[in-house]
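Dear colleague,

Please find the structure below, handed over for your use.

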Amino acid sequence: MESTNFGSSEHTGQILYPIFHYLFGMGPQRFAVLHAVLRKSGHFVGYFTLSVLLFRSWRATFPRLSTRWCQQWATLAFVCTALVAALDELHQSLLPSRTGTLRDVVLDSSAALIAQILIFVILRRRKPAGSEVPVPQ
């Protein structure tokens with residue numbers, strides 16, 4: 001739905017501007033900057049989340065009992081997320097009210113890469129279940 005005409009900058013601006021103007025007395029110039037930041041943040045959060053979910057799905061598809069992180073899972077999650085980003089921007093370039101940009105593909109792919117790095121760091125820091133050494137009494 002976000003990739004359709006409904007998710008265009010013009011449409012979301014028509015919905016959000018009255019709200020921000022009413023709540024915060026925000027003028028059009030200030031709103032334009034905030035609106036751009038909100039839209040790009042939405043890209044980042046959405047594709048970050050997609051990358052995490054794809055990592056989990058590939059981990060379930062190709063389980064390895066000896067590890068909780070595997071480069072194969074992370075690579076597949078990253079590549080699939082980047083592919084979705086590229087296809088989304090291609091789709092948007094075909095709509096009259098949208099523009100598909102390489103810059104957004106790079107932003108979305110960067111979110112996917114950061115997600116995979118964060119997953120790696122988190123899973124490498126955690127100790128495997130059952131690895132605690134019992135304290136003698």
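Asp104, Val105, Asp108, Ser109, Ala111, Ala112, Ala115, Gln116, Ile119 and Leu123 are the buried residues of H4, where buried means under 20% relative accessible area with a 1.4 Å probe and protein chains only, exposed over 50%, and partly exposed in between. The model is predicted, so local features need pLDDT of at least 70 and side-chain atom pairs pLDDT 80 or more, while totals for chains, interfaces and linings use all residues. Residues are numbered from 1 along each chain as its sequence is written, and side-chain values use heavy atoms, without hydrogens or water.

Helices are DSSP runs of H or I with at least four residues, numbered from the N terminus. H4 covers residues 102-125. Helix H2 (28-61) and helix H3 (71-93) are among what covers its buried residues.

The largest nonpolar core consists of nine residues: Leu54, Phe55, Trp69, Cys70, Trp73, Ala74, Ala77, Ile119 and Leu123. Such a core is a set of buried Ala, Val, Leu, Ile, Met, Phe, Trp, Tyr and Cys residues joined through side-chain atoms within 4.5 Å. H2, H3 and H4 each give two or more residues to this core, and H3 gives the most, with three.

Leu123 is in contact (heavy atoms within 4.5 Å) with Phe55, Arg59, Arg68 and Trp69, leaving aside residues up to four places away in sequence.

Elsewhere, Tyr22 lies in helix H1 (residues 9-24). Tyr22 counts as exposed because its relative accessibility is 72%.

Yours sincerely

Terms used
The expected span of a helix is 1.5 Å times one less than its number of residues.
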